[in-house]
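Please read them with the structure open.

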Amino acid sequence: MSQTPPFDPRAYNAQPYPGGDPYGDFRRTELDFSGLVDLADRRLGAGVVAANDEFFAERENLLRTEPAVFDPHHFGHKGKVMDGWETRRRRGVSAEQPHPTAEDHDWALVRLALPGVIRGLVVDTAHFRGNHPTEIGVEAAHVAGTPTTEELLAAEWTEIVPRTPVYGHAENGFEVDLRHRWTHLRLKQFPDGGVARLRVYGEPVADPDWLAALGSFDVAALVNGGTVEDASDRFYSSPENIIQPGRSHKMDDGWENRRRRDTGNDWVRFRLTAQASVRAIELDTAYLKGNSAGWVTVLGRDAHSDSPEEWFEIVGRTRLQPDSAHRFVLDAPVTVTHVRTDVFPDGGIARLNVYGSLTGTGTAELRSRWAAARG
């Protein structure tokens with residue numbers, strides 16, 4: 001009978017930096033998480049609230065939105081400056097036992113910006129070639145409110161990624177199949193080392209009590225449980241940007257498609273928090289000047305109606321101005337679960353806000369989803 005060979009961490013090492021493009025030999029994950037939201041997006045309010053060690057590089061780097069950068073000549077008083085979270089080298093307890101134990105590890109606590117169901121993670125070790133962890137593990141918890149570090153450490157944690165070897169200088173992707181709502185993660189690295197970025201892909205699940213207290217709100221917003229279901233094009237920037245909080249800050253902080261060379265049109269389809277009565281819509285083309293959409297039509301459908309797949313017009317085809325906010329007060333409220341923006345013939349949209357309140361059916365739907373995700 002053949003035996004499984006012992007685990008050799010050297011098989012997961014990357015080669016030393018060869019010069020030139022630092023990403024030239026970067027190992028990409030084959031998992032596709034497009035269409036899911038990064039629940040740990042720093043721009044939405046996520047944070048690394050604590051770590052047991054960050055001697056070489058700060059824990060906050062884990063959630064930076066841009067890819068990690070590498071400067072081979074950048075050294076500081078503590079050594080090589082890395083764009084990630086990096087801990088010191090662990091040691092054993094004595095000269096007779098110089099190595100760390102099998103259970104020794106470092107950890108970082110992450111507060112999700114959007115509590116929700118996690119579908120996958122990417123532990124990115126970009127530029128950590130000989131100093132990445134041997135293995136990682138990820139645990140999740142649901143803790144209400146704004147807990148302290150001590151309260152988080154004492155919380156009940158559930159393993160969502162078992163202890164697994166990871167490659168250096170690579171996107172290490174993991175699928176997650178637990179349909180629970182989580183608020184915090186604990187990233188463990190064995191026994192020590194560095195991780196450049198952490199991405200947490202999933203579906204936000206909004207708190208129905210909070211939304212009930214608000215009454216009327218943006219029922220398309222990411223922070224309120226809205227999502228992008230699909231889009232005709234994601235060439236320049238993600239359609240998920242359209243339902244980010246606040247106004248756009250630059251051109252790629254919205255959705256921009258490629259230039260069309262046919263007679264079709266581009267579109268984005270959104271699923272709202274739940275069934276809602278919509279009274280007003282705001283559509284912004286901020287920072288999109290020579291490349292904003294020319295015209296837009298806003299359509300809606302109600303998945304709970306007698307014709308659940310039938311789209312109807314909410315805002316007729318309207319000329320859009322570049323770098324401008326456009327407000328539409330509806331003549332009468334419309335009941336919808338989904339909204340679609342059709343742009344003609346192509347071009348960008350920075351933000352979409354859909355203002356309304358949940359119906360009785362929508363409130364019951366959201367509470368049912370909340371109960372299921374809480375287990």
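This is a predicted model: local features need pLDDT of at least 70, side-chain atom pairs count only at pLDDT 80 or more; totals for chains, interfaces and linings use all residues.

1. Q275, position and burial. Q275 sits in strand β15, which covers residues 266-284. Its relative accessible area is 7%. Buried means under 20%, so Q275 is buried at 7%.

2. Q275, polar contacts. Two side chains deserve a look here. The side chain of Q275 makes a polar contact of 3.1 Å with the side chain of D302. Another polar contact, at 2.5 Å, links the side chains of Q275 and T359. Please inspect both in the viewer.

3. Leaving aside residues up to four places away in sequence, Q275 touches D302, H304, T335, V336, T337, L358, T359, T361, G362 and E365.

4. Largest pocket. The volume of the largest pocket is about 1200 Å³. It is lined by 41 residues, and those closest to its centre are R43, T65, R199, Y201 and S238. Strand β12 gives the most, with three residues.

5. Which classes of residue line the largest pocket? There are 18 charged, 13 nonpolar and 10 polar residues.

6. Second largest pocket. The second largest pocket has a volume of about 730 Å³. Its lining has 30 residues, and R89, G130, N131, H132 and D192 are the closest to the centre. By class, the lining divides into 12 nonpolar, nine polar and nine charged residues.

7. Aromatic pairs, Y17 and F70. The structure holds six aromatic pairs. One of them joins Y17 and F70, edge-to-face, with 5.1 Å centre to centre and 70 degrees between the planes. Y17 lies in the segment before β1, and F70 lies in the loop between β2 (47-51) and β3 (75-76), so the pair ties together parts that are 53 residues apart in sequence. Y17 is partly exposed, at 27% relative accessibility.

8. Aromatic pairs, Y23 and F26. Y23 and F26 also form an edge-to-face pair, with 5.1 Å centre to centre and 85 degrees between the planes. Are the two partners buried or partly exposed? Y23 is partly exposed at 23% relative accessibility, whereas F26 is buried at 10%. The cut-off between these two states is 20%.

9. D209. D209 is in helix α2, residues 208-214. The side chains of D209 and R367 are joined by a polar contact of 2.9 Å. D209 and V336 are 127 residues apart in sequence, and their C-alpha atoms are 21 Å apart in space.

10. Cis peptide bonds. Most peptide bonds are trans. Two cases here deserve a check. F190 and P191 are joined by a cis peptide bond, with omega about -15 degrees. P191 lies in the loop between β10 (181-190) and β11 (194-195). F344 and P345 are also joined by a cis peptide bond, with omega about -15 degrees. P345 is in the loop between β18 (325-344) and β19 (351-358).

11. Positive phi, H169. Most residues other than glycine have a negative phi. H169 has a positive phi, near 50 degrees. Where does H169 lie? H169 is in the loop between β8 (158-165) and β9 (171-175). H169 counts as buried because its relative accessibility is 1%.

12. Positive phi, Y287. Y287 has a positive phi of about 70 degrees, although Y287 is not a glycine. Y287 lies in the loop between β15 and β16 (295-301). Its relative accessible area is 42%, so Y287 is partly exposed. Strand β15 is also where Q275 is placed.

How values were computed
Residues are numbered from 1 along each chain as its sequence is written. Side-chain values use heavy atoms; hydrogens and water are left out. Helices (H or I, at least four residues) and strands (E, at least two) are DSSP runs, numbered from the N terminus. Buried means under 20% relative accessible area, exposed over 50%, partly exposed in between (1.4 Å probe, protein chains only). A polar contact is a pair of N or O atoms within 3.5 Å; within protein, one must be able to donate a hydrogen and the other to accept it, and residues adjacent in sequence count only if both atoms are side-chain atoms. Contact means heavy atoms within 4.5 Å. On a 1 Å grid over the protein atoms alone, a cavity is a set of points where a 1.4 Å probe fits but cannot get out, and a pocket is an open set with protein on both sides within 12 Å along at least five of seven lines; lining residues have an atom within 4 Å of a point. Grid points are joined across faces, edges and corners, and a volume is the space filled by probe spheres set on the points. Ala, Val, Leu, Ile, Met, Phe, Trp, Tyr, Cys and Pro count as nonpolar, Asp, Glu, Lys and Arg as charged, and the others, Gly among them, as polar. Rings of Phe, Tyr and Trp (its six-membered ring) pair if their centres lie within 6.5 Å; planes under 30 degrees apart count as stacked, over 60 as edge-to-face and the rest as tilted.
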